[in-house]
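Hi everyone, thanks for coming.

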Amino acid sequence: MTSDPYRHSDWSRARRVLAVRLDAIGDVLMTTPALRALKRAKRGRHLTLLTSAAGAEIARLVPEIDDVIAYQAPWMRASVNIAADADRALIERLRAGKFDAAAIFTVYSQNPWAAALLCRLADIPRRLAHSRENPYQLLTDWIPEPEPQSLMRHEVRRQLDLVAHVGAVSDDLRLSLAPPPEAHARAQMFLDGAHIDTRTPWVVIHPGASAPSRRYPAEAYAQAARTLERRYGWQIVFTGSAGEAALIEHIRTLMGAPSHSAAGRLDLSAFCALIDMAPVVIVNNTGPAHIAAALGTPVVDLYALTNLQHMPWMVDSRVLYHDVPCKHCYKSICPQGHHDCLRLVPADAVVDAALDLVTVRLARRRDTTLPAGEGLR
């Protein structure tokens, strides 16, 4: 290794680029500004995303991505058990793609070496990633991992900084997502069927999250929704997967006031369209928060302090949490058992945040000189 810790190769002639982001929906969306920079760095560049099954669903709604390959990587936490033949088949598929370069996107706690080895075995000559240890021949473009010892960055900034090392930069830092017109039509059909009058206040509340540590209590969601409906006349639309329908029905029962559930009734593109149409979204720190950010929909983010790199990006937002000494735990289940970073956020604060965001949005429509919020930068 030379005295220069950075290792670079020439990406200027790379026409077919593979981006590797094997995480979930929110992670893919937070990578889209870097993907845009990669795409625009060379005229006519073709960009393929290798991602998880969940990531593939949202990736198909990102205009900068030309092709998507879904892969359940055995080294990822959410992976299912797959046969080794699937790995060999992927290597052959990547080799057939004749990629000129691969950018491997990870959070700082992930090791890029397995993905880098796949790309090397697939004869992809340029391979870029952060790595905590010297990867030797696995990476042709090695950026030593600076987090968390030297700095902490928003996830969007982390990935933008990565691709900047190979000359891919962009002035457009927004997240990218474009649900098609037919998705908006399906979302409108749901709203019409629920008799939602979009000319009067309404809100989307998404109470689920994959990790229990990132879920605001059901009782508090019910209290906030009840106040918005009874005191302010807002129409309440709960969203979630079919697997979250029971949680939503529990909240609606506790709420004791009129509401509507879209749980399991919308595919991903129609769900994104619904978020796009909503005046405001109330959500945990989970994928829909980043969907809202990508679409410019104001978001109240009930933000468990498991980590701080995933706050809403470049969108009007209110991030609510209770400060606790055990923050930055990165745990899926609260290791202290009290869940105070969310449990101690009062429901009235959620109501006030939603009202404030709608007021700001109305003011911005009247005065277009007001800047949009940019979240954590």
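The buried residues of helix α10 (residues 287-295) pack against α1 (25-40), α2 (53-59), β7 (202-206), α9 (268-277), β10 (281-284) and β11 (299-302). Contact here means heavy atoms within 4.5 Å, and buried means under 20% relative accessible area, with a 1.4 Å probe and protein chains only. Helices (H or I, at least four residues) and strands (E, at least two) are DSSP runs, numbered from the N terminus.

A quick word on what you're looking at: this is a predicted model, where local features need pLDDT of at least 70, side-chain atom pairs count only at pLDDT 80 or more, and totals for chains, interfaces and linings use all residues. Residues are numbered from 1 along each chain as its sequence is written, and side-chain values use heavy atoms, leaving out hydrogens and water.

Back to α10. Why is this helix largely enclosed by the rest of the structure? Because 9 of its 9 residues are buried; among them are Pro288, His290 and Leu295. Just after α10, Gly296 takes a positive phi of about 80 degrees.

Now, please find strand β4 (residues 101-104). Strand β1 (residues 16-21) runs parallel to β4, joined by 4 bridges, and Val17 sits opposite Ala101. Strand β5 (residues 126-131) is also parallel to β4, with 3 bridges; there, Ala103 stands opposite Leu128. Strands pair if DSSP finds at least two bridges between them.

How values were computed: Buried < 20%, exposed > 50% of the residue type's maximum accessible area, 1.4 Å probe, protein only.
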